[in-house]
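Visitor: I am new to this structure and would like a tour. Where shall we begin?
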Amino acid sequence: MQQIITMDSFTDFTISNQLHYAIEDLGFEKPTPIQDQAFSVILSGKDMVGIAQTGTGKTLAYMLPILQDLKFSKQNTPRVLVLVPTRELVLQVTKEIEKFSKYLSNRVIGVYGGVNINSQQQTLAHGADIIVATPGRLYDLVLSRALKLKSIKKLVIDEVDVMLDLGFRFQLNNIFELLPERRQNIMFSATMTDDVDVLINDFFKGPKNISIAVSGTPLDNISQSCYSVPNFYTKINLLIHLLNDKDLYNKVLVFVSNKRSADRLFQVLEEEFGFQVAVIHSNKTQNYRIRSIENFNKNKTRILVTTDVMSRGLHIDQISHVVNFDTPSFPENYMHRIGRTGRAEKEGTSLLFYTEKEQPAKEAIEELMNMEIPEIEFPVDIEISKRLTIEEQPKDYEPSSTNHKSRDESFGSGFHEKKDKNKKVNLGGSYKRTISKKYSKPKTRGDKNYNKRNKNK
Ligand code: AMP
């Protein structure tokens, strides 16, 4: 368990004796910082957004005020709904709530997909006070009328970053529409992402933000530097150049902020380095992800490309380099990323690539750390690519679908020097077509079916 440093004691909390006894039985002596800070906010009924990682004691942080507020009732329709992204978390959170409720008479039921729905329907028929659920199964249970959400007073969404990364936005929207409008929303996320930000703006009313601050002091044994790079494909040229030094760059974790960039980067790196490179993000199957991580851990692959959210549960040691292929727009994510290297007394190195557009994000990181990241001059022998990603192209840019040749000519010569077998994917319109086909429409707030369409891809 991380970060249990706090001044207060549980005796300062206005909670029932039953809750005090349960906490005593669990052997918890002091509240963790998130428990300390969230208690009065949640008890006051305000919406709350908590930025805290697993291991900070966040389950008790939201359950303590909720349980304190939850009066005994004979009604069968649940009053508290906790949404979590995975079956494992349903089981874990349900078990935790049962422990906290040891001396109370709450009825807690956990429901999740991938198992027969009938037995869950039967269990729900006996009534419940608190439901812990994954979004998809919850929605199915509501549609089958086994569960009614009209009495929900408090909604907790836990690990919302993972939930959105797994493509649950569509299901969340559906569930929100079924919930009473007058309710308290409580949300926890380990990382801030653009998707999380959009969700908060769409559904929360003036939430109180509580952040278990990531320390802005990086470990001394992590050496940091940065490169100013004009665009995505030049970043790839630079990365390939660095990775060619196999002895120095022997275990490299490359961070990108989203799946699209991860796929795009992986495709080019794979052409260059073959089996030495793997990618993990939430669109990959669980088996593929497990295998990729295992191979990286056993040093069978040298380079692992990952998104912020996916990297969280990773237990990987001895990483020689963390490469921030893009500059995280939330500075805390940078701290999480670089903390993956330099573990256990080992020296680690972190590199940050930033474009002009990412400069303010880099400055925000420097402000958080209260230090400037030393800059390394961009190596002169590396090709500056003129090729732009769809996002980098100016808005009024009209790609000429017939004139592939002229597009190809604008790429850096680094790409022309590739082996013949690589040319077909890496160069020109075909690659762009594959990508634009895969991501046919931009993800917009209004496009409710986006996640539905992409979930099964
Ligand atoms: P969580 O972040 O909710 O997954 O909690 C992580 C672990 O910390 C769980 O095993 C909890 O039982 C435990 N825990 C929660 N609160 C405290 C506390 N105040 N003191 C010690 N352990 C705690």
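Guide: Let us begin with one residue of this predicted model.

Visitor: Which helix is Leu91 in?
Guide: Leu91 belongs to helix α4.

Visitor: And what separates Leu91 from Tyr112?
Guide: Along the chain they are 21 residues apart, and their C-alpha atoms are separated by 8.9 Å.

Visitor: Let us step back. How many helices and strands does the protein chain have?
Guide: The protein chain contains 19 helices and 13 strands. Of its 457 residues, 52% are buried. Its accessible surface comes to about 22300 Å², and carbon and sulfur atoms account for 50% of that.

Visitor: What about contacts between residues at least 6 apart in sequence?
Guide: Of those contacts, 75% join residues at least 24 apart in sequence.

Visitor: Which residues touch the most other members of the largest nonpolar core?
Guide: They are Tyr62, Leu64, Val82, Ile130 and Val132, in a core of 37 residues. At least two core residues come from each of several elements, including α1 (17–26), α2 (33–43), β2 (80–83) and α4 (87–100). Helix α3 gives the most, with seven residues.

Visitor: What does Tyr62 contact, leaving aside its neighbours within four places in sequence?
Guide: Tyr62 is in contact with Ile42, Val82, Val93, Val156, Asp158, Ile186 and Phe188. Apart from this core lies another, of 33 residues, and Ile131, Leu179, Met192 and Phe204 are among them.

Visitor: Why would such residues gather together?
Guide: In soluble globular proteins, nonpolar side chains tend to be buried together.

Visitor: Now helix α6. Which of its residues are buried?
Guide: In α6 (residues 135–143), the buried residues are Pro135, Arg137, Leu138, Leu141 and Val142. Viewed down the axis of α6, they fall within an arc of 165°, so they line one face of the helix.

Visitor: What do those buried residues pack against?
Guide: The buried residues of α6 pack against β2, β3 (108–111), α5 (117–125), β4, α7 (160–165) and α8 (169–178). Just after α6 comes Arg145, which takes a positive phi of about 65°.

Visitor: Turning to the strands, in what order do the six strands of the open sheet lie?
Guide: The order is β8-β13-β12-β9-β11-β10, and the pairing is parallel. Strands β8 (222–228) and β10 (277–280) stand at the edges with a single partner strand each, so one side of each has no neighbour in the sheet. On average, neighbouring strands are turned by 20° against each other, direction ignored.

Visitor: How many bridges join β10 and β11?
Guide: There are four bridges between β10 and β11 (residues 303–307), in the parallel sense. Val277 stands opposite Ile303 in β11.

Visitor: What does helix α10 lie across?
Guide: Helix α10 (residues 232–243) lies across β8, β9 (252–256), β11, β12 (321–324) and β13 (348–354), and runs at about 160° to β13.

Terms used
Residues are numbered from 1 along each chain as its sequence is written. This is a predicted model: local features need pLDDT of at least 70, side-chain atom pairs count only at pLDDT 80 or more; totals for chains, interfaces and linings use all residues. Side-chain values use heavy atoms; hydrogens and water are left out. Buried means under 20% relative accessible area, exposed over 50%, partly exposed in between (1.4 Å probe, protein chains only). Contact means heavy atoms within 4.5 Å. Accessible areas come from the Shrake-Rupley method with a 1.4 Å probe; for residues, only the protein chains shown count as cover. A nonpolar core is a set of buried Ala, Val, Leu, Ile, Met, Phe, Trp, Tyr and Cys residues joined through side-chain atoms within 4.5 Å. Two strands pair if DSSP finds at least two bridges between them. Axes are lines fitted to C-alpha atoms, for helices over the stretch in contact, and angles run from 0 to 180 degrees between N-to-C directions. The arc is that of the directions from the helix axis to the C-beta atoms.
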